[in-house]
Amino acid sequence: MASETQQVAAGPSGLSSAEVAERVAAGHVNVVAETTSRTTAEIVRANVVTRFNILLGILLIIVLVIVRQPRDALFGIVLVSNAAIGIIQELRAKRTLDRLALLTAPLASVLRDGRQTDIPVDTIVQDDVIALATGDQVPVDGPVLRARGLEIDESLLTGESDAVVKEEGSMCLSGSFVVAGSGWFQAERVGEEAYAAALAKEAKAFTLVNSELRDGVNWIIGGVSWIIGPMIALLLWSQVRLDHGWIEALSSAVAGAVGMIPQGLVLLTSLAFAVGVIRLGRRNVLVQELPAIEGLARVDTVCFDKTGTLTEGTLAVRDVVMLSDIDPAPALAAMVAAEPEPNATLQAIAARYPGEGAWRADGAVPFSSARKWSAASFGTKGTWVLGAPEIILPRNARIAAQVERYAEEGSRVLLLATTDYPLNGDSLPRQLKPAALITLGDRIRPDAAATLRFFAAQGVQAKVISGDHPETVAAIAREVGVPGSSQVVDARRLPREPEAFADVVEEATVFGRVTPHQKRAMVQALQSRGHVVAMTGDGVNDVLALKDADIGVAIGGGSAASRAVAQLVLIDGEFSTLPNVVAEGRKVISNIER
């Protein structure tokens with residue numbers, strides 16, 4: 001991204017100032033009313049407009065307006081206190097989420113009037129030509145105009161962790177990140193028409209979290225509301241017959257009615273929830289709705305998105321398999337140093353072999369998605385090639401068998417080969433000899449296995465649903481110890497008939513190639529079978545499922561949309577915090593039901 005306005009000597013032509021003004025006037029601007037959390041009005045309404053508050057509020061108005069005896073209105077303290085506890089806590093959560101959103105407000109580098117300059121993303125217009133570089137977030141949807149080794153991570157949108165190679169004509173989706181290379185693309189869908197905005201829009205309607213305690217209290221208050229009117233009339237009639245004034249009679253009737261409302265139970269429930277929220281806050285868990293900690297304590301099924309929850313969303317070298325007596329470490333370190341724009345794979349190798357190494361390249365061929373290999377020449381140390389085994393040594397049956405075995409385990413496999421022949425332009429060097437196989441896979445969260453063991457011990461079923469390849473998902477599930485991970489379901493082959501769909505979702509444990517709408521359908525299918533479902537996720541692709549789950553748990557470092565719809569947010573992203581949330585919720589329920 002350009003740090004300052006600069007002249008672009010060559011490349012795609014951008015819009016002129018007049019063309020930008022035309023599109024602004026027509027409303028083709030990247031303006032999205034993004035909701036990072038619930039509005040203040042929604043929070044106040046959810047905590048004020050309740051059966052308890054309405055019933056007690058009517059009686060309070062009678063005492064203050066008609067009877068005019070403020071000393072008899074002390075029960076109003078319970079009404080105000082109960083509403084204030086929820087409003088204050090949830091406003092604090094809102095402020096925290098809004099601050100997180102401000103930290104990620106991006107700029108975009110666009111080409112206008114032949115010059116490249118940085119502008120806020122909400123001022124992008126349709127047909128703008130936008131530059132992309134490693135680390136940039138794609139602000140809108142549109143086709144690639146020019147690419148140089150461009151790879152984009154779309155995991156927040158699709159759930160698939162592998163970076164997607166983008167070439168001329170490929171579509172870029174808003175909300176994804178550039179992990180390698182650079183390029184230009186043209187804004188085609190802006191504002192609420194963009195993919196990420198359209199998906200998040202489906203989950204904007206606010207709904208209260210399910211709470212058996214709150215439902216039980218509301219049932220009691222509902223029953224009281226049916227008899228409180230006749231009871232007030234009866235008390236008023238009896239007081240008038242005793243020759244009491246109608247004001248005094250009304251005061252006595254209201255006092256009798258107030259005694260019928262379970263004020264202590266309601267206030268105790270709110271206080272117990274509030275104490276739980278404070279305790280969880282000390283563990284960096286943000287609770288957006290008070291009853292959410294109760295909900296997770298009642299959960300019997302937890303759905304995990306693989307990328308960002310079970311895994312960290314980054315590649316790591318799993319193993320280096322020697323195929324000769326030559327140590328591959330110096331060559332790998334030197335090849336990473338020779339690559340001007342390393343992709344995610346080379347970055348993982350660099351983490352395994354840090355430093356530039358002692359070798360210096362006197363020639364190099366950068367990685368290309370079309371070639372599927374990169375190469376470098378190191379003088380007397382020879383020429384080295386790193387890439388897809390089936391491209392570098394396509395006729396080596398022994399290596400092919402090894403690659404297939406590692407691929408079945410969910411690993412990505414690269415071949416390192418060497419030769420004494422020099423580089424020959426963009427063609428593979430001659431007489432390549434295998435040196436090593438490098439296997440890579442998703443970096444698993446260190447706390448994932450222990451957390452899953454906790455849920456298994458508590459009788460909570462775990463289900464892994466991901467947009468990744470089914471075998472990759474299954475391999476990760478087996479590695480972290482998910483029960484039943486030996487069988488994996490390709491979501492593209494799920495039945496469409498609702499009952500058959502629900503049968504498969506209930507019986508199976510691991511699912512791959514799952515779309516955002518299928519995640520939502522899976523949550524609904526489990527709920528239809530009587531399960532209390534929690535969903536964890538961090539991306540826009542998880543938003544619909546987070547919204548419909550009984551409890552949505554978002555990872556703090558994920559998308560703003562996922563944090564906005566979830567009831568619980570793990571601010572520091574620590575997966576191991578979930579058992580503490582469950583324990584706290586059960587403690588709250590025990591204290592209230594005792």
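This is a predicted model: local features need pLDDT of at least 70, side-chain atom pairs count only at pLDDT 80 or more; totals for chains, interfaces and linings use all residues.

Trainee: Where is Asp141 found?
Mentor: Leaving aside neighbours within four places in sequence, Asp141 is in contact (heavy atoms within 4.5 Å) with residues including Met171, Cys172, Phe185, Arg189 and Tyr195. Helices (H or I, at least four residues) and strands (E, at least two) are DSSP runs, numbered from the N terminus. In those terms, Asp141 is found in the loop between strand S4 (129-133) and strand S5 (142-153).

Trainee: How many disulfides does a search of the whole structure find?
Mentor: A disulfide is a covalent bond between the sulfur atoms of two cysteines, and the search takes a pair of cysteine sulfur atoms within 2.5 Å as one. Cys172 is buried, with a relative accessible area of 0%, and Cys303 also counts as buried, at 1% relative accessibility. For the whole structure, the number of disulfides found is zero.

Trainee: Which residues have the most contacts inside the largest nonpolar core?
Mentor: In soluble globular proteins, nonpolar side chains tend to be buried together. A nonpolar core here is a set of buried Ala, Val, Leu, Ile, Met, Phe, Trp, Tyr and Cys residues joined through side-chain atoms within 4.5 Å. Leaving aside neighbours within four places in sequence, Leu578 is in contact with Leu296, Phe304, Thr451, Phe455, Thr536, Val553 and Leu570. The largest core has 43 residues, and those with the most contacts inside it are Leu296, Phe304, Leu310, Leu568 and Leu578.

Trainee: Is Pro446 buried or exposed?
Mentor: Pro446 lies in the loop between strand S16 (433-444) and helix H15 (448-457). The C-alpha atoms of Pro446 and Val480 are separated by 9.2 Å, although these residues are 34 apart along the chain. Because the relative accessibility of Pro446 is 74%, Pro446 counts as exposed.

Trainee: How many residues of strand S13 are buried?
Mentor: In a regular strand the side chains alternate between the two faces of the sheet. For strand S13 (residues 373-377), the number buried is five of five.

Trainee: Which residue in S14 stands opposite Ala375?
Mentor: Two strands pair if DSSP finds at least two bridges between them. Four bridges join S13 to the antiparallel strand S12 (residues 363-368), where Ser368 has Trp373 as its bridge partner, and five bridges join S13 to S14 (residues 383-387), also antiparallel. S13 and S14 form a hairpin with five residues between them, and Gly379 in the turn has a positive phi of about 60°. The residue opposite Ala375 in S14 is Val385.

Trainee: How many residues apart in sequence are the parts that Trp359 and Trp384 tie together?
Mentor: A search of the whole structure finds four aromatic pairs, where rings of Phe, Tyr and Trp (its six-membered ring) pair if their centres lie within 6.5 Å, with planes under 30 degrees apart counted as stacked, over 60 as edge-to-face and the rest as tilted. Trp359 and Phe378 form a tilted pair, 5.5 Å centre to centre with 55° between the planes. Trp359 and Trp384 also form a tilted pair, at 5.8 Å centre to centre and 45° between the planes. Trp359 lies in the loop between H12 and S12 and Trp384 in strand S14, so the parts tied together are 25 residues apart.

Trainee: What share of the residues of the protein chain count as buried?
Mentor: The protein chain has 21 helices and 22 strands. Among contacts between residues at least 6 apart in sequence, 70% join residues at least 24 apart. Of the 594 residues of the protein chain, the share that count as buried is 52%.

Technical notes: Residues are numbered from 1 along each chain as its sequence is written. Side-chain values use heavy atoms; hydrogens and water are left out. Buried means under 20% relative accessible area, exposed over 50%, partly exposed in between (1.4 Å probe, protein chains only).
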